[in-house]
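Biologist: I would like to learn how to read a model like this one. Can we go through it feature by feature?

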Amino acid sequence: MKRFQVKVCGNNNLENFKEIAAIEPDYVGFIFYPKSKRFVKDKAIFDIFPNAEKVGVFVNDSIENILEKVEQYQLDVVQLHGDETAYFCEKLINQKHQRLITDENFLDFKIWKAVGIQSKDDFQQLTTYQQVVDSFVFDTKSSDYGGTGRKFNWQLLTNYQLSTPFLLSGGIELEDALLLKNFQHPRCIGFDINSGFESAPGIKKADEVKQFINTIDGRIEQN
């Protein structure tokens with residue numbers, strides 16, 4: 001059975017993040033969108049070095065600011081969660097390559113594009129992104145930026161036929177773990193969890209996060 005990856009997003013509390021880092025998810029996400037309730041204000045959180053890849057979440061930000069945050073916080077992934085076009089992604093790639101050539105301390109990073117899904121027609125817009133993103137993050141469609149915390153009909157993903165892999169997001173909770181463990185789609189590489197595991201915005205229920213990851217990995221703990 002394939003192993004799914006898990007990203008824990010919206011971390012912005014220093015002490016709580018220490019608990020999450022100890023659980024060792026595959027990815028940890030930090031939101032750099034000032035209007036978000038989970039905006040990462042305490043930069044000391046980046047002094048914690050989890051055994052996970054760091055994802056920076058940006059919404060309609062400038063390429064200059066994105067690259068600055070990548071270098072400052074050693075981000076492994078840039079997740080674009082706004083109205084960024086495929087052309088914007090291409091420009092970001094070009095700027096990244098220039099920095100990799102001119103700055104020996106600048107590290108490479110992956111690009112993910114978050115996309116809201118409401119119907120099978122929403123997949124039609126993705127073709128132009130295939131060559132410029134490493135993965136998609138599929139979430140519930142909304143007029144607002146950022147995650148909605150609402151589930152969408154995951155069966156819609158049977159209509160996704162492109163080769164680019166994706167992470168599934170959208171209102172995932174602990175009770176979904178067994179269902180998602182058996183989720184069938186050849187391009188699904190993992191799950192992005194956030195508000196469904198919180199006691200307050202940015203404060204994760206570490207025990208539930210651990211149980212979810214253990215279930216997805218097939219290591220269901222016995223009480």
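Biologist: Which backbone oxygen does the side chain of Q125 reach?

Modeller: First, the ground rules. This is a predicted model, where local features need pLDDT of at least 70, side-chain atom pairs count only at pLDDT 80 or more, and totals for chains, interfaces and linings use all residues. Residues are numbered from 1 along each chain as its sequence is written, and side-chain values use heavy atoms, with hydrogens and water left out. Now the case: the side chain of Q125 reaches the backbone oxygen of D122 at 3.0 Å.

Biologist: Where does Q125 lie?

Modeller: Strands (E, at least two residues) and helices (H or I, at least four) are DSSP runs, numbered from the N terminus. Q125 lies in the loop between β5 (110–117) and β6 (135–140).

Biologist: Why is Q125 called partly exposed?

Modeller: Partly exposed sits between buried (under 20% relative accessible area) and exposed (over 50%), using a 1.4 Å probe and protein chains only. Q125 is partly exposed because its relative accessible area is 40%.

Biologist: How do the strands pair?

Modeller: Strands of a sheet pair through backbone hydrogen bonds, either parallel or antiparallel. Two strands count as paired if DSSP finds at least two bridges between them. Here eight strands form a closed barrel, β1-β2-β3-β4-β5-β6-β7-β8, with parallel pairing.

Biologist: How many bridges join β3 to β4?

Modeller: Four bridges join β3 (residues 53–58) to β4 (residues 77–80). F58 stands opposite L80 in β4.

Biologist: Which residues of α1 meet α5?

Modeller: Contact means heavy atoms within 4.5 Å. E19, I20 and I23 in α1 meet A206, V209, K210 and I213 in α5.

Terms used: Polar contact = N/O pair within 3.5 Å; in protein donor to acceptor, adjacent residues only side chain to side chain.
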